[in-house]
Amino acid sequence: MEEKIIIFDTTLRDGEQVPGCQLNTIEKIEVAQALETLGVDVIEAGFPISSPGDFASVVEISKAVSEPVICALTRAVKQDIEVAADALKFAKRKRIHTGIGTSPYHIEHKIRATPEEVLRRAVDAVKYAKKFVDDVEFYAEDAGRSDNVYLARVIEAVIKAGATVVNIPDTTGYCLPEQYGEKIRYLRENVKGIEKVIISTHCHNDLGMATANTMMGIINGARQVEVTLNGIGERAGNTSLEEIVMILKSHKSLNLTTNINSKLIYNSSRLVSTLMNMPVQPNKAIVGRNAFAHSSGIHQDGVLKNRENYEIIDPVDVGIKESSIILTARSGRAALNHRLEILGFQYKKDELDEIYHKFLQLADKKKNIDDDDIRILTGQVFTGEKPLKLELLQVTCGKSTFPVATVGLRINGEVHTSTASGNGPIDASFTAVKQLIKKTIVLEEFLIQAITKGSDDLGKVHVQVEYEGRIYYGFSANTDIVTASVEALIDAISKLK
Ligand code: KIV
Ligand code: ZN
């Protein structure tokens with residue numbers, strides 16, 4: 001029977017402390033609801049005494065979310081605890097997260113007290129928080145650089161005072177994985193009452209070891225992990241949620257599981273990145289743009305033969321539709337042929353050889369070869385007889401006008417027309433096209449780009465449509481963006497099988 005690891009998400013507290021990443025209350029509610037759907041067990045919603053905005057966010061998140069425990073951060077200060085308890089008043093399941101620094105640095109240079117005084121304040125804070133809530137988590141700030149013997153005394157005392165969870169943060173991201181694991185083991189073996197509480201990890205990534213340290217914490221007995229989406233957080237960030245979840249999912253021998261619906265990871269990551277204006281680094285594990293992209297010929301060939309040759313995670317498991325094959329000068333015929341097939345082209349071996357030759361010449365000049373380049377290489381964009389052809393497009397649109405479009409399509413030699421309205425000229429035209437083709441297609445993606453910057457420029461349009469479970473791609477370029485859009489849709493429809 002697999003044991004459960006509790007996912008404590010602090011995207012909205014430690015993550016939100018990042019300069020420039022601040023969210024308003026509405027946005028925080030959106031993230032909190034996404035975290036609930038994702039399946040996190042605990043949401044650290046904020047630090048209520050720090051600002052009226054943080055207070056309001058904890059109140060509103062408590063109302064908007066019902067399944068996860070809502071947690072509010074405090075210092076080991078009575079007023080912080082009172083304000084946190086007030087902010088949590090609407091939460092169905094609530095937790096106060098209180099604590100104090102336990103390393104020599106914090107005791108001497110930040111708190112400027114004696115170790116005994118710090119221990120007393122820790123116990124008082126937990127006892128005071130217990131007056132308001134049953135679930136009290138204690139953090140020993142900078143536990144990573146704290147002396148294990150002293151740390152164990154503090155942890156034992158706060159457990160006696162009623163703490164239900166004890167958090168052992170590597171606040172400065174200093175520990176080596178082995179040291180951090182050893183610290184957790186030491187506490188398990190030397191603290192009376194530790195078996196009654198949950199040990200939590202909270203690792204920062206200053207030396208790039210947050211995930212490794214968290215894993216060593218788990219292996220040595222921690223059963224809660226404090227994480228953020230995309231690993232955002234103070235300085236170099238916190239342990240990333242997606243990495244821990246996918247490590248546990250990939251290494252079945254650990255016999256550990258989480259409540260996370262991994263298929264929602266990618267969308268949740270995008271939401272946080274977009275709302276916080278914080279791009280995800282392209283090579284970020286699990287959610288980076290390149291996490292499932294293959295560019296060398298040997299890897300591409302291997303992935304096309306069997307995905308598992310070069311991928312340990314199925315992209316579908318984290319909500320990404322498919323691995324991507326990036327066409328560069330190092331790509332082989334197999335990768336080019338694969339892309340051609342996706343675009344709806346099929347070639348005999350000698351034809352493919354010829355296109356591959358042209359492809360290599362172009363790839364020497366251009367870093368990445370995109371779908372438009374491929375179409376141009378095959379000569380299919382501007383030539384060839386098409387089963388579907390746009391013969392007429394007339395749109396009425398503008399301010400205070402109801403958008404209407406009439407489309408004339410030549411279908412197998414005969415022109416058919418249809419008129420439709422929509423919320424804009426493109427929507428109206430697409431509806432008219434759909435009425436004519438009489439097939440249930442779903443527009444999955446629609447992208448308009450200008451090739452250069454002038455208003456007289458050519459617009460490029462890419463569409464993806466879904467039909468009977470398969471994706472079809474369409475493309476067109478035109479100075480008239482509505483015409484380009486309709487032609488791109490028709491291009492995709494003409495490939496339906
Ligand atoms: O890094 C840290 O020590 C923290 C605590 C406040 C839990 O964020
Ligand atoms: Zn932290």
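1. The crossing of α15 and α16 is right-handed. Helix α15 covers residues 425-437 and helix α16 covers residues 481-493. Their axes lie 10 Å apart and pack at an angle of about 30°. Axes are lines fitted to C-alpha atoms, for helices over the stretch in contact, with angles from 0 to 180 degrees between N-to-C directions. The two helices are therefore roughly parallel to each other, a label for angles under 35 degrees.

2. This is a predicted model: local features need pLDDT of at least 70, side-chain atom pairs count only at pLDDT 80 or more, and totals for chains, interfaces and linings use all residues. Residues are numbered from 1 along each chain as its sequence is written, chains are lettered from A and ligands numbered from 1 in written order, and side-chain values use heavy atoms, without hydrogens and water.

3. Helices are DSSP runs of H or I with at least four residues, strands are E runs with at least two, and numbering starts at the N terminus.

4. Ligand 1 has a shell of Arg13, Asp14, His97, Tyr139, Glu141, Asn167, Pro169, Thr171, His202 and His204. Membership requires a heavy atom within 4 Å. By class, the shell has two nonpolar, five polar and three charged residues. Strands β6 (136-141) and β7 (165-170) each supply at least two of its residues.

5. Polar contacts to ligand 1 are N or O pairs within 3.5 Å. A polar side-chain atom of Arg13 lies 2.9 Å from a ligand oxygen. For Asp14 the distance is 3.1 Å. For an N or O atom in the His204 side chain, it is 3.0 Å. The protein covers 93% of the 260 Å² of accessible area that ligand 1 has on its own, by the Shrake-Rupley method with a 1.4 Å probe.

Note on methods. A polar contact is a pair of N or O atoms within 3.5 Å; within protein, one must be able to donate a hydrogen and the other to accept it, and residues adjacent in sequence count only if both atoms are side-chain atoms. Ala, Val, Leu, Ile, Met, Phe, Trp, Tyr, Cys and Pro count as nonpolar, Asp, Glu, Lys and Arg as charged, and the others, Gly among them, as polar. Angles under 35 degrees count as roughly parallel, over 145 as roughly antiparallel, 65 to 115 as roughly perpendicular and the rest as oblique. A crossing is left-handed if the near helix is turned anticlockwise from the far one by less than a right angle, and right-handed if clockwise.
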